[in-house]
Structures are given as C-alpha cells and as structure tokens.
Amino acid sequence: MDGADPVKNSESSVAAFAGRKNLHLRVLSSLALAPLAITAAYFGGAVFVVFWAVAAIVVLWEWDTLVCSQDRNPVLIIGAVALAGAALLLALAWPRAAFALIALGVVGAASLAARERRIWCATGLVYAGAILMAPVLLRRDPAMGFAALLFLFAIVWMTDIVAFFVGRRFGGPKLMAHVSPNKTWSGAVGGTLAGVAGGVVTAMLFGLGSPAAVAAIALLLSIASQAGDLAESAIKRRFQVKDASGLIPGHGGLMD
C-alpha cells in the first residue's frame, strides 16, 4: 500500500478532465466568434452596426442581470431601446444624436433603479453604449477604419490568449489574488508582450504608423485590456457570481 487516497486521486482526475474540456470549449468558441467579428468589420456599414448593437444589448442584459436585481427588467428595456435607437442613428451617420440618446437612456435607467443600485444600473448602459459606439466610430474612416479595428483586435486577443496560456504554464505570484485568483504576473507580462507584438505586426502590414509610436499605443491598450478584465472580475466578486452568463461555452458571458 502506498498510502494514496483514491478519493482525492479521483477528484483530481475529474478536475483535470473538466479543465481540459473547458479549455477546448474556450478555443472552439474563440474560433467561431473571431471570424464573425472580423467579417463584420470588413463589410462595415449597416452589417457592422447591427453586429455591435446586438453585442451591446447582450452585454447590457448580462450587466443588468448581474447588478440590478429586481429592477432588471425596466432598466434593461429602456437601455435596450436606447441602444437600438443609437444604432439606427449611427447607421444614419448621426453620432452626436446617438450619444445624446444613450445619455438620455442612462438618466432613464438611473431613475428606474432602486436607490442603492442606481449608479450600478446606470453604469451598465454607459458600458454597453461604449461597446456600441467605439468600434462603429473607429470603423467610419473608409481608408483605415478596418485596419484600425484589426490592430485593436490583435492587441486584445493576443493579450488575452497568451496571458491565459503563459499563466497556466508558469504560474508564479498572483497579479491581484483578492480580485482574480487565477491571474498571475507571468501571464500579465506574457500577454502584454504578445499584445504589443500583435499590434506592431498588424500595424506594419497596413502601414499604420512608426513602429515606436505603434508599440507605445499597443502597450497602453494591452494594459487597459487587462485592467478592464480585472475590473470585471472585481464586479463579479462584488456580486458573488463566477461568470456574467453561460452564453459562450468555455468563456462564460460576452462580458467575459
């Protein structure tokens, strides 16, 4: 007898299998979603606006489900209407009117939410509105809009992917254990380097600027991407949930 605990060994095997399954689902989900985002960005126009309007409304649904509790439905309805209207205005090339409509929706969402959650519920529409407006406005440039979006995608995706695998492989000190116990400094550094490299390579392919300037921008965007990820982890921990939703296998929600 070697003293091994068969129960613990069995639990360890199950956990390892679940981890591999989750990783496979994560990869497959990414392989399905990334081409959709790139294709929508390539065509631009109404297709692109609809793509990001749907994404923004789904994110708003996840956020409101997470933070708004019993006030979710009225807050979600007014937010979804504001986002849909803003998408129409963006398609008509009226970005200021779109911004004004989202701002009006934020005021409406705040007025419908309970006092203790008013800021949380209103912030969800600000966040979803940024998800809609930022890529659409970036894509408006007919000459460089598509290239600029690919530059952004390359940084964010490379940062996320490499941080995940480097963190799993090397481990080490936690980046912010009280917020996200799985994130490590090794993953953060590896992801940042990969994000910068991905941004520089993409910029060189499309002639977006000098390598030094592009690398500096890519560095800031990679850090901002990871900071946003940590902020979301903090919000989920604040409201005691693991994922924003179960919409995307292996990832959780669209926010994740």
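## Crossing of H7 and H8

The crossing of H7 and H8 is right-handed. The structure is a predicted model. On the H7 side, the contact is made by Ala 188, Gly 191, Thr 192, Gly 195, Val 196, Gly 199, Val 200 and Ala 203. H8 contributes Pro 211, Val 214, Ala 215, Ala 218, Leu 219, Ser 222 and Gln 226.

Two packed helices are described by the angle between their axes and the distance between the axes. Helix H7 covers residues 185-206 and helix H8 residues 211-238; they pack at an angle of about 140°, and their axes are 8 Å apart. Angles over 145 degrees count as roughly antiparallel, and at about 140° H7 and H8 are therefore oblique to each other. An α-helix has 3.6 residues a turn, so residues three or four places apart point the same way. The H7 residues in the contact include Ala 188, Gly 191, Gly 195 and Gly 199.

## Overall fold

The protein contains eight helices and two strands. Along the sequence, these elements follow the pattern α-α-α-α-α-α-β-β-α-α.

Of the 256 residues in the protein, 40% are buried. Among contacts between residues at least 6 apart in sequence, 66% join residues at least 24 apart.

## The disulfide

The count of disulfides comes to one. This disulfide joins Cys 68 to Cys 121, with an S to S distance of 2.3 Å. Cys 68 lies in the loop between helix H2 (45-67) and helix H3 (72-91), and Cys 121 lies in helix H5 (residues 118-139), so the pair ties together parts that are 53 residues apart in sequence. A disulfide is a covalent bond between the sulfur atoms of two cysteines.

Both cysteines are buried: Cys 68 has a relative accessible area of 0%, and Cys 121 has a relative accessibility of 1%.

## Asp 64 in H2

Asp 64 is placed in helix H2. Its relative accessible area is 0%, so Asp 64 counts as buried.

With neighbours within four places in sequence left aside, Asp 64 is in contact with Ser 69, Arg 72, Val 75, Leu 76 and Cys 121. Among these partners, Cys 121 is one of the two cysteines of the disulfide, while Val 75 and Leu 76 are among the buried residues of H3.

## Helix H3

H3 has 20 residues, which at 1.5 Å a residue should span 28 Å; the end C-alpha atoms of H3 are 28 Å apart, in agreement with that value. Ala 93 follows H3 and has a positive phi, near 65°.

The buried residues in H3 are Val 75, Leu 76, Gly 79, Ala 82, Leu 83, Gly 85, Ala 86, Ala 87, Leu 89 and Leu 90. The elements that cover them include H2, helix H4 (95-112) and H5. H5 is also the helix that holds Cys 121.

## Trp 157 in H6

Trp 157 is found in helix H6, which covers residues 145-170. With a relative accessibility of 31%, Trp 157 counts as partly exposed.

Apart from neighbours within four places in sequence, Trp 157 is in contact with Ala 34, Ala 37 and Ile 38. Trp 157 and Ser 222 are 65 residues apart along the chain, and their C-alpha atoms are separated by 9.4 Å. Ser 222 is one of the H8 residues in the contact with H7.

Technical notes. Residues are numbered from 1 along each chain as its sequence is written. This is a predicted model: local features need pLDDT of at least 70, side-chain atom pairs count only at pLDDT 80 or more; totals for chains, interfaces and linings use all residues. Side-chain values use heavy atoms; hydrogens and water are left out. A disulfide is a pair of cysteine sulfur atoms within 2.5 Å. Helices (H or I, at least four residues) and strands (E, at least two) are DSSP runs, numbered from the N terminus. Buried means under 20% relative accessible area, exposed over 50%, partly exposed in between (1.4 Å probe, protein chains only). The expected span of a helix is 1.5 Å times one less than its number of residues. Contact means heavy atoms within 4.5 Å. Axes are lines fitted to C-alpha atoms, for helices over the stretch in contact, and angles run from 0 to 180 degrees between N-to-C directions. Angles under 35 degrees count as roughly parallel, over 145 as roughly antiparallel, 65 to 115 as roughly perpendicular and the rest as oblique. A crossing is left-handed if the near helix is turned anticlockwise from the far one by less than a right angle, and right-handed if clockwise.
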